[in-house]
2 protein chains.
Amino acid sequence: MTVPPTPPRAAPGRPRSPEAHRAVLNAASELLEERGYAAATIEEIAARSGVAKTTIYRRWPNRPALVVELLLKVAARVAPPPRVGEDPLEILRRELHLVAKASQGLAGRMLIALLGEAERDPQLREALMQGLFTPRRKATAAVIEHGQRTGVLRRGIPALFATDLIFGPLFYRRFIRQEPITKRFLDQTFDFAMQGLAAAPGARPARSKGRDRRPKRS
Amino acid sequence: MTVPPTPPRAAPGRPRSPEAHRAVLNAASELLEERGYAAATIEEIAARSGVAKTTIYRRWPNRPALVVELLLKVAARVAPPPRVGEDPLEILRRELHLVAKASQGLAGRMLIALLGEAERDPQLREALMQGLFTPRRKATAAVIEHGQRTGVLRRGIPALFATDLIFGPLFYRRFIRQEPITKRFLDQTFDFAMQGLAAAPGARPARSKGRDRRPKRS
DNA sequence: ATTGATGCGAAACGGTGCGTAGCGTAATCT
DNA sequence: AGATTACGCTACGCACCGTTTCGCATCAAT
């Protein structure tokens with residue numbers, strides 16, 4: 001790892017064209033929107049963007065890598081990860097609805113296409129985990145931990161596990177069964193999860209530290 | 001539906017060879033096991049099975065259709081749907097573990113590969129729903145409804161929805177995040193779901209036949 | 001201004017798998 | 001026997017992949 005910190009030395013030669021980069025992502029996005037993942041071949045993307053195939057391959061090793069970059073961009077735009085704040089329950093509820101909405105749009109279509117390929121492509125899986133799932137799960141877990149500290153949520157349930165309990169049914173329905181997500185479904189899911197996660201009415205906030213031994217049996 | 005019940009009229013011409021059928025499914029199964037979905041091309045399957053490509057295409061319109069048939073067979077073998085019985089909680093718990101185990105084997109690998117294609121192939125999606133998900137969900141829901149009638153499970157929660165609450169986190173973890181399933185994870189998931197689904201200790205069965213009551217806890 | 005390095009577009013390539021067609025042969029029914 | 005369908009084989013056109021080659025463009029360093 002001999003990397004100069006902030007290397008002032010610019011790379012020699014002609015720099016890569018940002019326009020080409022944008023044009024490719026744009027064309028890919030349109031194709032995915034209009035005709036789906038199968039139709040968004042590299043050759044089609046090159047044709048529509050006016051960028052040469054070689055230029056595309058110079059930046060991305062293959063199609064999934066390109067789509068991942070696009071997915072992360074779109075996801076960050078339409079559904080930024082939640083942040084710890086005043087009312088954890090409300091934050092979680094909003095997050096669930098936000099993710100549900102995003103999952104029904106372009107981001108969802110991209111994700112579902114990538115998941116199949118991720119089975120055979122460990123690098124792709126890594127990229128999805130580190131770029132999408134891990135940060136989001138961590139952010140959500142932080143909200144939950146905050147709720148546990150302030151006494152709104154029951155302690156004793158690992159926060160990451162709790163996030164999976166909240167979001168699992170949604171993803172199962174949207175990406176595995178591929179059925180539409182209704183508001184009713186989201187409300188039911190959230191209510192059910194909270195039934196198990198929320199603190200009993202009389203619970204108090206956490207003390208200094210370590211003092212939060214509670215019998216986990218409700 | 002004008003289908004003659006047990007049509008005695010045999011089709012004219014040479015009948016299709018059951019050996020060829022089996023040989024194809026066998027070869028496909030082996031290839032999927034050894035080298036994954038991507039490597040299980042029609043040409044490879046034909047080569048390994050000793051069956052001509054044309055013969056394969058005469059039976060299945062494309063590769064997904066073939067893999068679906070294989071998946072349904074394997075799923076029925078390694079994890080037959082649950083049946084209503086004495087102890088609903090135990091049946092559900094076993095079912096969760098059984099599905100988890102199956103999802104980590106060949107069946108799971110096939111399913112995950114098919115899901116991506118199902119996005120663009122409505123017929124494939126239909127086949128997966130009618131052949132796999134719908135019957136299994138119905139069977140599980142029946143177990144839950146039985147539990148609700150006998151008072152072991154709380155009433156008022158739609159049974160199909162309840163099944164998704166139980167299995168959602170598992171599928172999310174296995175097929176979306178593609179992380180391994182631990183016994184601990186399954187136990188936690190099940191306990192959590194039951195916390196919300198199980199009847200309060202004092203609950204009574206639905207009407208008349210009241211003998212079956214039992215306080216939950218195990 | 002020249003030099004050297006890199007990016008760009010265009011064109012062509014070999015490779016792979018798809019799904020189809022033509023052919024001669026095999027099996028079964030009437 | 002004749003009709004009909006399945007089988008294996010070979011070959012084909014097609015689409016897309018990922019790579020290579022080439023001439024020109026664009027940058028930094030000299």
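I count a residue as buried if 20 or more other C-beta atoms lie within 10 Å of its own. The model I am reading is predicted.

**Entry 1: Ala162(A)**

I looked up Ala162(A) and found it in helix 8 of chain A, residues 159-176. Is Ala162(A) buried or exposed? I find 25 other C-beta atoms within 10 Å of Ala162(A), so this residue is buried. Next I checked its contacts, leaving aside neighbours within four places in sequence. Ala162(A) is in contact with Ile144(A), Ile157(A) and Leu197(A).

**Entry 2: chain A against chain B**

I then turned to the two protein chains. I find 32 residues of chain A in contact with 31 residues of chain B. On the chain A side, helix 1 (18-39), helix 6 (106-118), helix 7 (122-150), helix 8 and helix 9 (183-197) each supply at least two residues. Which helix gives the largest share? Helix 8 of chain A does, with eleven residues. By class, I get 16 nonpolar, eight polar and eight charged residues on this side of chain A.

**Entry 3: DNA strand C**

I listed 27 residues around DNA strand C. Gly13(A), Arg14(A), Ser17(A), Ala52(A) and Arg14(B) come nearest. Two or more residues come from each of these elements: helix 3 (53-59) of chain A, and helix 2 (42-49) and helix 3 (53-59) of chain B. Helix 3 of chain A gives the most, four residues. I sorted the surface near DNA strand C by class: eleven nonpolar, eight polar and eight charged.

Definitions and conventions. Residues are numbered from 1 along each chain as its sequence is written. Chains are lettered from A and ligands numbered from 1 in the order in which they are written. This is a predicted model: local features need pLDDT of at least 70, side-chain atom pairs count only at pLDDT 80 or more; totals for chains, interfaces and linings use all residues. A residue is near a molecule or strand if its C-beta atom, placed from the backbone, lies within 6 Å of it. Ala, Val, Leu, Ile, Met, Phe, Trp, Tyr, Cys and Pro count as nonpolar, Asp, Glu, Lys and Arg as charged, and the others, Gly among them, as polar. A residue is buried if 20 or more other C-beta atoms lie within 10 Å of its own, exposed if 12 or fewer, and partly exposed in between; C-beta atoms are placed from the backbone. Two residues are in contact if their C-beta atoms, placed from the backbone, lie within 7 Å.
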